[in-house]
Amino acid sequence: MSDRLIIFDTTLRDGEQSPGASMTREEKIRIAKQLEKLKVDVIEAGFAASSNGDFEAIKSIASVIKESTVCSLARANDKDIMRAGDALAPAERRRIHTFIATSPLHMEVKLRMTPDQVLEQAVKAVKLALQYTDDVEFSAEDGYRSELPFLAKVCEAVIKAGAKTINIPDTVGYAVPSLYGEFMRDLRTMTSNSDKAVWSVHCHNDLGMAVANSLAGVAIGGARQVECTINGLGERAGNCSLEEIVMAVKTRRDFFDLDVGIDTTQIVSASRLVSNITGFVVQPNKAIVGANAFAHASGIHQDGVLKARQTYEIMTAEDVGWSANKIVLGKLSGRNAFKQRLEALGIEMDSEQALNDTFQRFKDLADRKAEIFDEDIHALVSGDGTGGESEFYRYVSLVQHSETGERPKARVVFSVDSREVVSESEGNGPVDATVKAIEAEVRSGAELLLFSVNGITSGTTESQGEVTMRLQKGGRIVNGVGADPDIVVASAKAYLSALNKLQSKHEKLNPQV
Ligand code: KIV
Ligand code: ZN
């Protein structure tokens, strides 16, 4: 008889810990709504104690999400747990996820605590969290590099204290599948009350084995919750990817014999939304959500697929939502139709003015592009050059000239704190000239780490270009995203969006540092 695998999504928390992937409150709400459509069981909405911004984002998500459980991370201390409890108060279903490191290295060097102190603090944290909700998860950070007898003692104690889920992270991505699976199995055997909790895996992808390790934790170790992120976003090399784990368990149901509640037809939309908002582009050959994932290039494959799909396909593109890329609106669509589409996509406008501005941008786009897809609308909202939150810098217009044999020139008009400025420059190419023109006025001195251009909708040069610019300054890394059918304009918007993010002094604590 099969049982259920709980899907715990941590895109908004661990995913956001990727350098440059920080998201605004509005962006997080949009992603949370898409995760609810995807029917994930638990949405880890953030780490409430890390910043006021995160606290408010969790609170807003807790108010709008009805079907999924909303969760906040909290270190095993009173202040973090109280912040998490307060942020989650509006939620219909809420979970506090508290953690403390249990490996000798982390306890000695990072925490400077003895094993007994760690054990005591873990139990105390779980008991306090239970005052806010009966759904408490405990994580043993760096669990996989912990000593089994001590880890089992901690797990036993927190289960006794009332923790319902026990998560054993491979925090540094060191595990290999069979060893991690056996570790989970042995740990459960050594924990006398293991049957009173759901066991969970949380694997990082440093050696490219996060999905394989998670699957081994399920198949060999008996875990029934997987912690994962859309597109495998996460610290360093990322986390276990939600789309891969879900499709592996569904496609190989013959082997795993587990039910998963995910609506897989929402996977591609979720992947695009996260990529759109964070500016983290999905590689074409990425399983499930990469542009080539279902493309059969070789003649032999095409012939086979035409005769019978199963010859080369183990799942269909429709299963994961590739066909959902519909034309939704066009030039003649009215404000009401546009508003309804925004609502369906989970995009909320804070005011009538914001709706009117976005509608105007939609009309401008529809004048230049016949078919407007959902991705275009997401890009319109994420890639308007404001960075979503602070509108300190705002794109107004651009003229650029490039001709073979001449040095390109750009003249950019943008506003700085509502004051319009005009700046001109030459450059190696039109994008270089545009960025130099902006810098001539702003003088941010930020270092450009990444510049990438992508077509939002495939198969046509009519597509909007989506540009990501990653800037670094004073130890902070931010991503700016800009979208426009003109990629030079998209670049200007992306650069201004990144400057906006640098400008807004959002300091946020990393829970693990
Ligand atoms: O990787 C990790 O150990 C974590 C914990 C905080 C759950 O993200
Ligand atoms: Zn993690």
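# A chat about the shell around ligand 1

Modeller: By class, two nonpolar, six polar and three charged residues make up the shell around ligand 1, and please keep in mind that this is a predicted model.

Colleague: Which residues are around ligand 1?

Modeller: The residues around ligand 1 are Arg13, Asp14, His97, Phe99, Ser139, Glu141, Pro169, Thr171, His202, His204 and Gln512.

Colleague: And which side chains have a polar atom that lies a few Å from an oxygen atom of ligand 1?

Modeller: Thr171 has a polar side-chain atom 2.6 Å from an oxygen atom of ligand 1, while for Arg13 a side-chain N or O atom is 3.0 Å from an oxygen atom of the ligand. Gln512 also takes part, with a polar side-chain atom 3.3 Å from a ligand oxygen.

Colleague: How much of ligand 1 does the protein bury?

Modeller: Ligand 1 exposes 260 Å² when taken alone, and the protein buries 100% of that.

Colleague: What cavity is the space taken by ligand 1?

Modeller: That space is the largest cavity. Two elements, β4 (94–101) and β5 (136–141), are those that give two or more residues to the shell around the ligand.

Colleague: Changing topic, which residues does the UniProt "binding site" annotation cover?

Modeller: In the unreviewed UniProt entry, that annotation covers Asp14, His202, His204 and Asn239. They gather at one spot, because no two of their C-alpha atoms are more than 10.3 Å apart even though they span 226 residues in sequence.

Colleague: Which of these residues does the lining of the largest cavity include?

Modeller: The lining of the largest cavity includes Asp14, His202 and His204. As for its place in the fold, His202 is found in strand β7, which covers residues 198–203.

Colleague: What domain does UniProt list for residues 5–268?

Modeller: The unreviewed entry lists those residues as "domain: Pyruvate carboxyltransferase". In the model, residues 5–268 are 43% helix and 19% strand, and the end C-alpha atoms of the span lie 21 Å apart.

Note on methods
Residues are numbered from 1 along each chain as its sequence is written. Chains are lettered from A and ligands numbered from 1 in the order in which they are written. This is a predicted model: local features need pLDDT of at least 70, side-chain atom pairs count only at pLDDT 80 or more; totals for chains, interfaces and linings use all residues. Side-chain values use heavy atoms; hydrogens and water are left out. A residue is near a molecule or strand if one of its heavy atoms lies within 4 Å of it. A polar contact is a pair of N or O atoms within 3.5 Å; within protein, one must be able to donate a hydrogen and the other to accept it, and residues adjacent in sequence count only if both atoms are side-chain atoms. Accessible areas come from the Shrake-Rupley method with a 1.4 Å probe; for residues, only the protein chains shown count as cover. On a 1 Å grid over the protein atoms alone, a cavity is a set of points where a 1.4 Å probe fits but cannot get out, and a pocket is an open set with protein on both sides within 12 Å along at least five of seven lines; lining residues have an atom within 4 Å of a point. A molecule sits in a cavity or pocket if more than half of its atoms lie within 2 Å of its grid points. Helices (H or I, at least four residues) and strands (E, at least two) are DSSP runs, numbered from the N terminus. Ala, Val, Leu, Ile, Met, Phe, Trp, Tyr, Cys and Pro count as nonpolar, Asp, Glu, Lys and Arg as charged, and the others, Gly among them, as polar. UniProt positions are given in the numbering used here, feature names are shortened, and annotations may be inferred rather than shown by experiment.
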